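Me: Please take a close look at one part of this structure: its charged side chains. Where do they sit, and which ones pair up?

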Amino acid sequence: MTLRNRFTAFFVAFAVLISALGGVLTWNGARRALEEQLDRELLSAGELAKETLFRQDEVLLLLEEGQDPPPGWFEFQNHLRRMMNSGVVDRADIFRWSPGDLEVRALVTPYPPDSIAILQRLSWVEPYVVSGLVQRAYETGAATTPYFPGLDGRDYRHGILRLDAGETFLILRIPEDHLAPLDALAWTIVVLSLAAAALGALIGWRLATGIVSRLEVLSRGALRIQRGMMDRPFDLEGEDEVGRLARAMERMRTGIRRRDEQLRLMLSRVAHEIRNPLAGLELFAAAAQDTDDREERRRILGRVRREVVGLNSIINEFLGFARPGRTELELHDVRDPVGDAVSLAKAEVREKGGELHVEFPTEPLLANADPRQVKRLVLNLLRNAAHAGETVWVEGAMVNGQVRIAVRDDGPGVPAEIRDRIFEPFVGDKAQGAGLGLAIVKEMAEANQGRVELVGQDGGSEGDGGNDRIGGGAEFHVYFSGPEDLPTEGARRQAAQEEDVAK
């Protein structure tokens, strides 16, 4: 079942359930209230007749089976007939019953005396003896029967009241006419339920169509991405969940597109970077094959070896960018991995006749980062600085609760046209390498929940006051989380001192 049909079925079921449940409760409540009202009216009519018409009922005690009706009997019969002519009571009878008996004897009926003899059995009343209703009327003074269908197709109800003359009872029958409007109410409930179902289907269909149509747009966009067609953006608006999903998929599309472009660029750079050394290796190999001079051959093989080392370095740089490795954060003293990186970079700096200055505090600089990746990114920064200038500085400090590692040089600096893209892959101004060093530094810094930034040419850096001790060159700051979320008092004093120096 489609999502649109599920929405529609749910709304229809909900509308029918609510309307039908409400209708049934309303119908039952109305019927119960009407029946209670009818019982009160029935008993009220009987009590009124008992108090006004049958108050002097001693004559009923004198009736015997088979005798002719006495004069007082006809007066009671007239009372019963007047009650029937009132339009409220359909039939009224007076009968005698003794506790423990199963038979009921008629005393006064509204019919001629020859049709029902005095003290003749009233068989239609005896089921109420069996059910205990007559016993209840004898004990409490009144009782009502459930409604029952009559021979004419109408529904009726009986009310039984005990008279003052001992074991004599007045039984009244009234029609249950209230069921007719209840039947009309039942049909009204059915019609309303059908209308609610139609309205629920319309609302569910419209709501599902609005959601499903937007999801279909996202589905088609995902298929386009799967097919490599990523030029069309996801332009769905809205602050609901579908809108947020569209924005997330748009970020995914741009990320995949950017990554795809970087991959294509990396492949082209890989081919370019490897083709040149391979061409040189081919020439050197041919020259070594043609010469018979041992010294010349050794010189050529030395150049071949240097080309192979350079080629291996380029491949390692590409692999480092493509597979950054797993990051395992731990709280450690960054002076140790930075010291290892400095030891490896000193040889390259001294080979150029330059100097490498290290300035770290004597107390530990605890950072929450991966020590291996800290060593690797600092080594990349030091090598970039060594290629750019002759003198390299590396410093460590605690700034605003974060560990900051600064690497700078006295070279020409970063050209203005590439400053905004300096951390992108294959962006650089030097001939050596593939231009992935700073991209790897940025990726590893973010993997360690830190950041790296290029400080201004004048030494100013947003947020830390910078350092104006270097006139030119490039300066990079790497930040790692410290052991606490908030800076310590010593870190705050150090930050204040740096701000004063910057001013």
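Reply: Start with Asp155. This residue is partly exposed, at a relative accessible area of 23%. Buried means under 20% relative accessible area, exposed means over 50%, and partly exposed lies in between (1.4 Å probe, protein chains only). Asp155 belongs to strand E5, residues 155–162. Helices (H or I, at least four residues) and strands (E, at least two) are DSSP runs, numbered from the N terminus. Glu176 comes 21 residues away along the chain, yet the C-alpha atoms of Asp155 and Glu176 are 5.1 Å apart.

A word on the source. The model is predicted: local features need pLDDT of at least 70, side-chain atom pairs count only at pLDDT 80 or more, and totals for chains, interfaces and linings use all residues. Residues are numbered from 1 along each chain as its sequence is written, and side-chain values use heavy atoms, with hydrogens and water left out.

Now the chain as a whole. The protein chain has eleven helices and 13 strands. It runs to 503 residues, and 39% of them count as buried. Accessible areas come from the Shrake-Rupley method with a 1.4 Å probe; for residues, only the protein chains shown count as cover. Take the contacts (heavy atoms within 4.5 Å) with a separation of 6 or more: 67% of them join residues 24 or more positions apart.

On to the pairs. The structure holds twelve salt bridges. A salt bridge is a side-chain nitrogen of Lys or Arg within 4 Å of a carboxyl oxygen of Asp or Glu. One of them joins Glu103 and Arg105, N to O at 2.7 Å. Glu103 is partly exposed at 35%. Arg105 is also partly exposed, at 26%. Another salt bridge pairs Arg121 with Glu126, where the closest N and O atoms are 2.8 Å apart. Arg121 is partly exposed, at 42%, whereas Glu126 is buried, at 11%.

Next, Arg408 and Glu475. They form a salt bridge with the closest N and O atoms 4.0 Å apart. This pair links distant parts of the chain: Arg408 lies in strand E11 (residues 402–409), Glu475 in strand E13 (residues 475–481), 67 residues apart. Both Arg408 and Glu475 are buried.

Asp290, Asp292, Asp293 and Glu295 form a patch of negative charge on the surface. Patches take residues with over 30% relative accessible area and no salt bridge; like charges are joined within 9 Å, and nonpolar side chains (Val, Leu, Ile, Met, Phe, Trp, Tyr) within 5 Å. Lys and Arg count as positive, Asp and Glu as negative; His and the chain ends are not counted. Each charge is placed at NZ of Lys, CZ of Arg, CG of Asp or CD of Glu. Asp293 sits in the loop between helix H6 (241–290) and helix H7 (294–322). This residue is partly exposed, at 42% relative accessibility.

Asn400 lies in the loop between strand E10 (391–399) and E11. Its phi is near 50°, a positive value in a residue other than glycine. Asn400 is partly exposed, at 40% relative accessibility.
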